[in-house]
Structures are given as structure tokens and as C-alpha cells.
Amino acid sequence: MIEGFVGEIITATSHEYVPAATSYGVLGSPVLIARPSSTEDVSAALAYARAQRLEVSVRSGGHTPFSTNEGGIVIDLSGVRGVEVLDGGLVRIGSGAVWGDVAQALQPHGLALSSGDTFSVGVGGLTLGGGIGWMVRQYGLTVDSMLEAEVVLASGAIVTASATSEPELFWALRGGGGNFGVVTRFTFQAHPLQGVVTGSIDFEPNALEQTLRNWRDVVRDAPQELNTTFLAMPSFGLDDPARWQVLFCYGSDDISAAMTALKPLLDLPGVTGQDVGSKAYVDVLVEPEVPDRALTIIDNNGFADNFSDELIESLVDAHTKFGSAILMIRHIQGAFNRVPADATAIAYRDAEILIISAVFLTPDIPDDASSKVNALWEPVAAQTAGMYGGFTNSTDPSIAELMYPPSTLARLRRAKSHYDPDNLFRRNHNLAPHVEGRP
Ligand SMILES: Cc1cc2nc3c(=O)[nH]c(=O)nc-3n(C[C@H](O)[C@H](O)[C@H](O)COP(=O)(O)OP(=O)(O)OC[C@H]3O[C@@H](n4cnc5c(N)ncnc54)[C@H](O)[C@@H]3O)c2cc1C
């Protein structure tokens, strides 16, 4: 069917079609799902897509609705998932691997990479988006440990992107998403890690403003091994009351150093419980349920270089008015800040925190619900910058405009015009190719 393609092809007549056509709870209707077994197979699948004028979805872990489509082709990289540990802590990973596989494979070598918080998220999608993980304060973003990528371009050409080969592509891949080609293999510099100390601290769910200020004051002075996220979950019924927690991962197996670092958090007013334990890093990666598609989620997120009292006040005001919303605040200060703003496509390198808010609405929502939520978020948006594309549920084409500062966006669009002028790779937070006179 596809000339030169030796991997697996699934069409609508196959019993595997429905699961293969589904991405993160969304059933698409692609004409075929191609599972390449090699880089050359990816090239052949792209040639077919171009000739047949098929829309292209590229799937690694399948955690977004982008990686299925209506009437197009899905290039599913789940067959390209090897994890190879090389000398000097270098690791070569097939982009269809999931981060849980990677953590498991690196553990016997006493190595780890800071990825996301979820076992089954794909290496391809998370890395290209940046990658904010449980050791972001120690090792920065996942892309900050990336040294090389093998990429199949829209033309079908196979190139290597690194600091010395196709450097502009290398820059764009580190945060610019799947806009530039299909990455088949990454090389990373892994970090020594024997284990972590991890868990959660529960807080009484009242006095949010004061609790956030207390958490901020403590984590600002905490050692960089201590990575924390503040999480406020609303009540989802009588059996599932509201809960506020600080989730943490201390990136070392030194329990006594971890307990010293955690003590100021455990001593905060309002602490009602704690769960602290030593674990292998792989066991920190969780597997949340796929969200109920019947619920509408209106989310917002942004980076803040100063989690000031004023910002906390605005945030608490918006969060309280939202009613049923999840609030997550990731403390990212540390190695993340040591990378220059123009070194990768993730430019908000002065950020102290990333704030993520998700408002849950039942199906019968008024037409203006989204604009009402966004209006309440406005005072927070005015004190934050940008957006992290991996933490929005939205597939709105305007999202890419919000994700990057103007100079980064313009540079990404120039790279897009060079590497994918016809926008073959558009099932993503899409960067329309550069147009003269536009930012
Ligand atoms: C439950 C959950 C938890 C998450 N936790 C975190 C987290 O802790 N930290 C974080 O940073 N992000 C997190 N994310 C966001 C996640 O990084 C993005 O959604 C990411 O795009 C998912 O990657 P994937 O490969 O699983 O998804 P896919 O749907 O397979 O891919 C998403 C998009 O990435 C591009 N892409 C994927 N693979 C390739 C490739 N090999 N070559 C070119 N383009 C490719 C394509 O455009 C594709 O449409 C989380 C998402 C979910 C759903």
C-alpha cells in the first residue's frame, strides 16, 4: 500500500482499528494508521501522505487529540521505542517510547532523565514541547538534557539536529513542538540518580492566600533537590472532598538531607498529614485516568518570574470565583533559569513558577462560559507571561501565539518556513509559516 514501507498498516477493516484510531479518548477516522519500524518507514509514510494529500498526525505516547484525525494518516511511532544506554550517561531513545519505559531502563544504570509526572506520556510529544518534570529544579527541562535528534523532514529527507548540525532546527525542536518534522530518535545526557524521596503534605483547605504565601516563602529557600507542586483539588462529591496538597520529589536517595529540606514545609501552619517515602524514580510516575470527555475543561496557564503577594491575591480571587477548578502551581526555579532565554524555544527562563488552572464545567454550559472564565483569569494573565503548550487541553489554532514571546515566535516561524513551508505538520500547536509583515 505504501511503497517501501515494511512496518504495520492498520485500516478501517482491521479489528485493531478503533483503539489505533483513538488518541487520549478521542476516536478519529483516519484512512490508515502506519506503524513504522524504522526511520526509512517514516520517510515512506510521509511520501505517501504528500502524494495522497493526506493530513498527517504524528503519535508517540498519544496523549493529545492531535495524534488522530479525520480522513488522514496517523504515523504511530510505538514500534520505534528502544532505549539504549551508551558510555558517559548518554542515552539514545526511540521517540515512540513512553517515559515510564525510559525510567525503568535507566534505573539499573543509576541514571534518570527529568520527564513529566506520567508513566505513559510519550518521549516524542513531551520532549518537543519542553518537558517539565519532577527534577526540573536540578536538571531543567527535558530539552535541556537533549543533545541530538534524528528527524525526518516534510521532504522525506533524514537529518540529524544538534548544536553543530542543523543548529536552527535543533533550537526549534527544543520547545517548538511537532512543527518541524518527525523525530525518530533522541540522544540525551542522563543524570546520576539512585532513587528519590517523594510524597505529599496535606493542608487544611482554608485560607488559600496565606497557605500559598507560606509555601512560596519556604520553597524559595529550599535546596534545588526539592521539587514541589502545590495542588488544590475541588470536591467531586461527598466521597471526594476538596484537598490541598504539596506534592514533592526530592531528587536524591539521601533521606536525612530530604527530611532536613522538607522540615520547613512540614512545620507550616495548616498541615494535616504527610506521606513521605523513598522510591525508585520510575515509581514516582503516575497513571491518571483519561478525563471524561463529557466534561468541558477551560484551562489557563502562565509563567511568573515573581510569585508576589499581588499575584497570589489575584490568583486566589479568580480561583475562588471559578467554583469547581483545579489549581496547580509548579515551582521551577533553579536549573531552568540557568539556560539563556534564546537558547531554546522555551523562552520564559526567568520564571519562578508555572501556574495552571483548569475549570470543569458540565455539558450544558452557556455559550459565554469560556469568555467569563477568561475574564476572571485576566488579572492573573496580566501578571504572568506566555503559556506552556503541554498543559492546555485546547486545540485552538491561536494557542501558539500565546505560548511564545514575539521574538521567539518570529524565529520559530522562520524555521517553519524553511523546514515545513507547506505546513504538512499542522496537527499540533501550529506555527503557521512566516508571512512577511507578521510577527
Ligand atoms: C496526563 C498527562 C500528564 C502530563 N504531564 C506532563 C508533565 O508532567 N510535564 C510536561 O511537560 N508535560 C506533561 N503533559 C503534556 C505532554 O507533555 C503533552 O501532552 C505531550 O504532547 C504528549 O506527548 P505524547 O507523545 O504522549 O502525545 P502525542 O499525542 O503522541 O503527541 C503530541 C504531539 O506531539 C508531536 N509529536 C509527538 N511525537 C512526535 C515525534 N516523534 N516527532 C514529531 N512530533 C511529534 C505531534 O505534533 C503530536 O501531535 C502531560 C499530559 C497529560 C495528558
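Helices (H or I, at least four residues) and strands (E, at least two) are DSSP runs, numbered from the N terminus. The views below come from a predicted model, in which local features need pLDDT of at least 70 and side-chain atom pairs count only at pLDDT 80 or more, whereas totals for chains, interfaces and linings use all residues. Residues are numbered from 1 along each chain as its sequence is written, and side-chain values use heavy atoms, with hydrogens and water left out.

**View 1. Ile132, in the loop between H4 and helix H5 (136–139).**
With a relative accessibility of 4%, Ile132 counts as buried (under 20% relative accessible area; exposed is over 50%, and partly exposed lies in between, for a 1.4 Å probe and protein chains only). Although 258 residues separate Ile132 from Gly390 in sequence, the distance from C-alpha to C-alpha is 9.0 Å.

**View 2. The shell of 34 residues around the ligand.**
A residue belongs to this shell if one of its heavy atoms lies within 4 Å of the molecule, and those that come nearest to the ligand are Ser60, Gly62, Thr64, Ser67 and Tyr388. Strand S5 (56–59), helix H4 (123–129) and strand S12 (182–189) each contribute at least two residues to the shell, with the largest share, four residues, coming from H4.

On its own the ligand has 940 Å² of accessible area, of which the protein covers 92% (Shrake-Rupley method with a 1.4 Å probe; for residues, only the protein chains shown count as cover).

A pocket is an open set of points on a 1 Å grid over the protein atoms alone, where a 1.4 Å probe fits and protein stands on both sides within 12 Å along at least five of seven lines; lining residues have an atom within 4 Å of a point. The lining of the second largest pocket comprises 21 residues, and Asp299, Asn300, Asn374, Met387 and Leu402 are the closest to its centre. Strand S18 (296–304), helix H10 (369–381) and helix H11 (399–403) each provide at least two residues of this lining. Asn300 lies in strand S18 and is buried, since its relative accessible area is 11%, while its side chain is joined to that of Asn374 by a polar contact of 3.2 Å.

**View 3. Glu166 and Ala207, two residues with positive phi.**
Most residues other than glycine have a negative phi. For Glu166, however, phi is near 50°; this residue sits in the loop between strand S11 (158–162) and helix H6 (167–173), and it counts as partly exposed because its relative accessible area is 31%. Ala207, which is not a glycine either, has a phi of about 60° and is placed in the loop between strand S14 (196–203) and helix H7 (208–220). With 47% relative accessible area, Ala207 is partly exposed.

**View 4. Leu113 and Ala347, two buried loop residues.**
Leu113 belongs to the loop between strand S9 (111–112) and H4, and it is buried because its relative accessibility is 3%. Its C-alpha atom is 13 Å from that of Val284, a residue 171 positions away along the chain. Ala347 is found in the loop between strand S19 (325–331) and strand S20 (353–361) and, with a relative accessible area of 12%, is also buried. Ten residues along the chain separate Ala347 from Asn337, and their C-alpha atoms are 9.9 Å apart.

Definitions and conventions:
Polar contact = N/O pair within 3.5 Å; in protein donor to acceptor, adjacent residues only side chain to side chain.
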